[in-house]
Amino acid sequence: MHVAVSIVGFRNPDDILRCLSALEASRHTDFEVVICENGGRAAHEALTAVLPTSLPGGQPVRAVLASSNLGYAGGVNVCLSVAPGADAWWVLNPDTQPEPGAMAALVQRLAAGDCEIAGGTVLFPDGRVESHGGRWRAWLARPISVGYGTRLEDAIDTAAIEKSLSYFSGASMMVSRRFLETTGPMQEEYFLYCEEIEWCLRGAALGMRLGFTPAAKVVHYQGTTTGSVKNIRDRPRMPVFLDERNKILLTRDCFPSRLPVAAVAAGVFLVLRFARRGAWRQLCYGLEGWAAGVRDRRGVPGWLAAASGS
């Protein structure tokens with residue numbers, strides 16, 4: 001099975017080089033790497049200056065310059081289009097370090113024939129589990145990371161986890177050709193956050209199935225370009241705004257009949273999350289994003305486009 005490893009970068013060549021170094025040790029060797037640089041021409045030139053044209057195993061590496069900052073979904077879609085001949089596409093964050101057996105485990109899970117989306121365990125650098133995947137609570141417009149905070153050595157019920165999942169983390173998920181042909185590309189109007197959840201939910205509504213394998217382990221150095229893992233009172237406007245907006249947009253797109261209840265619930269959770277920590281500025285960012293979702297405002301927010309020159 002030929003895999004196109006699809007990575008979206010944004011002015012972070014060090015992250016990408018670390019990820020490529022990990023991919024060099026992959027036990028599955030039939031792959032190529034496609035990188036979409038969203039950070040502009042100067043960032044693309046800086047990346048290509050340090051990027052190898054191929055890995056030691058002969059796997060080609062290509063860096064494509066995005067026409068503008070397309071966001072995560074748009075960048076993934078560029079990668080998908082640049083490698084149309086692949087049998088599967090591994091969407092992989094640049095700030096990840098996959099273990100040598102991760103790609104092979106995902107390929108094996110897809111090859112079993114009972115799923116079209118495969119995912120594994122995403123880990124924090126300290127070895128705790130970030131997620132085995134997630135569940136979307138539609139009435140609350142709220143994602144739940146399965147296994148969050150547990151230890152890798154803790155016993156897990158693979159079948160039970162797989163049965164409970166409704167999406168995989170966009171940090172590491174592999175989709176088959178059948179999934180892409182049936183479901184289509186990612187939803188670019190989200191720009192950033194929740195796009196992988198919507199993709200999985202849209203696919204599931206069309207009969208696409210999720211397959212979990214704990215052998216596909218990937219370490220995630222989370223939020224290196226967005227600032228999303230800073231102290232909650234230091235988080236910038238972009239990740240807070242887009243996260244809250246896109247929860248509402250996802251509900252509108254996938255569960256429209258639940259929107260009135262889910263929007264209220266999301267607003268309550270938003271206030272509780274930030275107010276009880278004294279993160280008043282972030283509360284304002286979140287309420288702004290929530291209101292944009294309620295009004296069905298999509299794409300790149302005007303203030304973000306102006307700041308980034310998009």
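**View 1. Salt bridge between Arg-128 and Asp-126 in the predicted model.** Arg-128 is partly exposed, because its relative accessibility is 27%. Its side chain meets that of Asp-126 in a salt bridge, at 2.8 Å from N to O. Asp-126 is likewise partly exposed, with a relative accessible area of 45%. The structure holds 19 salt bridges.

**View 2. Salt bridge between Arg-178 and Glu-116.** The closest N and O atoms of the two residues are 3.0 Å apart. Arg-178 belongs to helix H6 (residues 177-183) and Glu-116 to the loop between H4 and strand E6 (117-123), so the pair ties together parts that are 62 residues apart in sequence. Glu-116 is buried, with a relative accessible area of 3%, whereas Arg-178 is partly exposed at 47% relative accessibility.

**View 3. Salt bridge between Glu-189 and Arg-298.** The side chains meet at 3.2 Å, N to O. Glu-189 lies in the loop between H6 and helix H7 (195-205), and Arg-298 in the loop between helix H10 (280-294) and helix H11 (302-308); the two are 109 residues apart.

**View 4. Helix H4 (residues 102-111).** The helix is mostly covered, with seven of its 10 residues buried. Among them are Met-103, Leu-106, Val-107 and Arg-109. Gly-113, which follows H4, has a positive phi near 90 degrees.

**View 5. Patch of positive charge on the surface.** Arg-135, Arg-137, Arg-142, Arg-276 and Arg-277 gather here. Arg-142 is located in strand E9 (residues 142-145) and is partly exposed, at 31% relative accessibility.

Technical notes
Residues numbered from 1 in each chain as written. Predicted model: local features only at pLDDT ≥ 70, side-chain atom pairs only at ≥ 80, totals over all residues. Heavy atoms only, no water. Patch = residues over 30% accessible without salt bridge, like charges linked within 9 Å, V, L, I, M, F, W, Y side chains within 5 Å. Areas by Shrake-Rupley, 256 points an atom, 1.4 Å probe, with all protein chains shown as cover. Salt bridge = Lys/Arg side-chain N within 4 Å of Asp/Glu carboxyl O. Lys, Arg positive; Asp, Glu negative; His and termini not counted. Charge placed at Lys NZ, Arg CZ, Asp CG, Glu CD. Helix = DSSP H or I, 4+ residues; strand = E, 2+ residues; numbered from the N terminus. Buried < 20%, exposed > 50% of the residue type's maximum accessible area, 1.4 Å probe, protein only.
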